[in-house]
Amino acid sequence: MKLLKDILYGVSLSAVSGDTNVMVNNVHFDSRKVEMDDVFVAVRGTLTDGHKYIQKAVDSGARAIVCEELPELMVNGVTYLQVANCKSALAVIASNFYDNPSKNLKLVGVTGTNGKTTVTTLLYHLFKKAGFKVGLISTIKVMVDDNEYKTTHTTPDVITINDYLSKMNAAGVEFCFMEVSSHGIHQKRAEGLCFEGAIFTNLSHDHLDYHKTFADYRDTKKKLFDGLPKTAFALVNIDDKNGLVMLQNTKAKKYTYALKSFANYRGKILEKQFNGQLLKVDDNELWSKLIGDFNAYNLLAIYATADILGLEKMETLRLMSELDNVDGRFQYYISKDKITAIVDYAHTPDALKNVLITINALRTGNENVITVVGCGGDRDKSKRPVMGHIASEMSNQVIFTSDNPRTESPTAIIEEMEAGVEPQNTRKVLSIENRKQAIKTACKLALANDIILVAGKGHETYQETNGVRVDFDDFKEVKEALESLKK
């Protein structure tokens with residue numbers, strides 16, 4: 001248990017009713033989890049307002065209530081604390097409750113439209129190979145050194161983050177690499193954390209259903225850098241025009257990386273093959289199993305971060321040469337019939353374009369590229385015709401299919417993708433709503449040396465429809481479909 005006044009340290013209080021010199025058991029923003037002597041923070045969410053559940057929390061035994069508006073009925077023995085913003089207050093309270101665990105390790109945040117998972121995951125593996133105890137908070141999973149935890153959000157809620165960081169403290173973790181999404185920043189899930197540094201990968205069309213404008217999306221990402229202390233570092237991709245924007249107001253030490261521009265850390269692609277690429281990184285050659293320009297940028301970010309954090313450069317390059325692809329990120333399989341299947345998480349126009357550019361750069365010209373792609377429901381609708389255009393323009397054959405339709409009609413989503421197909425490309429397009437059948441069809445259409453790209457879901461092992469998730473693994477499905485072919 002914790003003393004209430006201790007976990008309120010640093011919280012700006014507008015009004016207090018009751019005693020803060022009391023012991024509390026836990027902190028929650030979900031009233032359904034509240035038990036005796038807990039603190040309930042009435043966060044206003046996108047779907048519901050926590051203020052509606054204050055009385056429910058009190059009835060469940062809450063000892064203290066943190067809210068933006070004090071309720072008309074205040075129960076004796078319960079402490080009510082009024083604040084200007086419950087999300088900000090929750091961030092500080094959660095950090096205090098877990099004894100500010102981010103201060104006891106070197107926490108590096110990675111933000112950007114694409115590349116967050118690859119950069120954080122490979123940094124985790126690199127530092128593990130270098131002999132450190134390391135933590136990871138990513139879209140795919142959370143790692144507390146060698147212990148794995150499943151996750152459901154790119155950036156977990158702030159209580160969960162601090163819980164994981166506390167576990168990392170107990171395990172003696174020295175470095176933690178964390179994905180920081182625009183949603184997480186906007187909802188203040190990363191507030192109250194002490195970052196050793198932040199990395200910006202790139203910025204392109206995504207999440208405009210949430211942020212409404214690209215400028216708002218960009219400026220939300222920028223807040224991570226604006227909040228860095230002068231002791232931290234800010235590392236940005238300077239080939240992306242938004243890289244300089246991220247650095248505008250930061251107090252942190254500034255570093256840049258690039259393939260095309262002058263930067264602190266420069267790279268060049270010397271050779272590309274399907275099984276890897278040869279890079280020049282700061283005048284040293286690196287052979288990597290990761291291919292594509294987008295991965296060259298990811299590798300530069302990893303190299304730069306390792307150098308900034310004190311790893312020896314040549315040892316870093318040696319360890320980088322051992323790194324494998326992250327699950328669902330340009331993960332490939334070659335069948336007995338010499339058909340190459342590639343599964344990639346590309347779910348934004350820019351990511352899809354980058355993957356297809358990489359594939360087309362590796363072709364001899366005689367192979368066909370068959371792309372299977374869909375768009376998620378209840379997400380940014382404006383990118384659907386754009387992705388339809390890119391897929392049909394850059395592939396020999398395209399199959400539009402269902403992704404995670406969630407509460408939307410899969411047919412309607414596919415029709416919005418079809419709207420982006422130009423007349424000369426319509427003959428290339430098939431629409432098969434059932435994703436399993438779409439993948440099977442792609443495999444049946446493929447001939448020896450052809451390339452199948454299954455895009456959009458990557459590492460995900462489920463498909464979500466109307467709140468129900470069923471098992472579905474793109475890599476498993478395409479591999480089984482290819483293995484079952486009799487040609």
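The following legends describe close-up views of a predicted model.

Local features are reported for pLDDT of at least 70 and side-chain atom pairs only at pLDDT 80 or more, while totals for chains, interfaces and linings use all residues. Residues are numbered from 1 along each chain as its sequence is written, and side-chain values use heavy atoms, with hydrogens and water left out.

**View 1. Strand 21 and its burial.** Strand 21 spans residues 369-373; helices (H or I, at least four residues) and strands (E, at least two) are DSSP runs, numbered from the N terminus. Five of the five residues of strand 21 are buried, so the strand is largely enclosed by the rest of the structure. Here buried means under 20% relative accessible area, exposed over 50%, and partly exposed in between, for a 1.4 Å probe and protein chains only. In a regular strand the side chains alternate between the two faces of the sheet. Accordingly, V369, T371 and V373 point one way from strand 21, whereas I370 and V372 point the other way, and all are buried.

**View 2. Strand partners of strand 21.** Strand 21 pairs with strand 24 (residues 451-455) in the parallel sense over five bridges; two strands pair if DSSP finds at least two bridges between them. The bridge partner of T371 in strand 24 is L453. With strand 22 (residues 397-400), strand 21 pairs in the parallel sense over four bridges, and V373 stands opposite F400 in strand 22.

View 3. Strand 21, helix 13 (residues 383-394) and strand 22 make a right-handed β-α-β unit. A crossover is right-handed if, with the strands pointing away from the viewer, the path from the first strand over the helix to the second runs clockwise. Helix 13 packs with helix 14 (residues 410-418) at an angle of about 60°, with their axes 6 Å apart. That angle makes helix 13 oblique to helix 14. Angles under 35 degrees count as roughly parallel, over 145 as roughly antiparallel, 65 to 115 as roughly perpendicular and the rest as oblique. Axes are lines fitted to C-alpha atoms, for helices over the stretch in contact, and angles run from 0 to 180 degrees between N-to-C directions. The crossing of helix 13 and helix 14 is right-handed; a crossing is left-handed if the near helix is turned anticlockwise from the far one by less than a right angle, and right-handed if clockwise. Across this pair, R384, P385 and G388 in helix 13 meet I413, E416 and M417 in helix 14, contact being heavy atoms within 4.5 Å.

**View 4. The five-strand sheet and helix 3.** Five strands form an open sheet in the order 2-7-6-5-4, with mixed pairing. Strand 2 (13-17) and strand 4 (27-28) stand at the edges, each with a single partner strand, so one side of each is left without a neighbour in the sheet. Helix 3 (residues 86-97) packs on the sheet and touches strand 4, strand 5 (39-41), strand 6 and strand 7. The direction of helix 3 makes about 140° with that of strand 6.

**View 5. Strand 7 between its two partners.** Four of the five residues of strand 7 are buried, and the strand is mostly covered. Strand 6 (residues 64-67) and strand 7 (residues 79-83) pair in the parallel sense over four bridges. In this pairing A64 stands opposite T79, and V66 stands opposite L81. Strand 2 and strand 7 pair in the antiparallel sense over four bridges, with Y80 in strand 7 as the bridge partner of S17.

**View 6. Helix 4 against helix 10.** The axes of helix 4 (residues 116-129) and helix 10 (residues 293-308) come within 10 Å and cross at roughly 45°. The two helices are therefore oblique to each other, and helix 4 passes helix 10 in a right-handed crossing. T118, V119, L122, L123, L126 and F127 in helix 4 meet N295, N298, A301, I302, T305 and A306 in helix 10.

View 7. An open sheet of 11 strands has the order 11-10-9-12-8-13-14-15-16-17-18, with mixed pairing. Strand 11 (147-150) and strand 18 stand at the edges, each with a single partner strand, so one side of each is left without a neighbour in the sheet. The twist averages 20° from one strand to the next. Strand 17 and strand 18 pair in the antiparallel sense over five bridges, and the bridge partner of V281 in strand 18 is N284. D283 lies in the loop between strand 17 (276-281) and strand 18 (284-288). At 69% relative accessibility, D283 counts as exposed. Most residues other than glycine have a negative phi. D283, although not a glycine, has a positive phi of about 70°.
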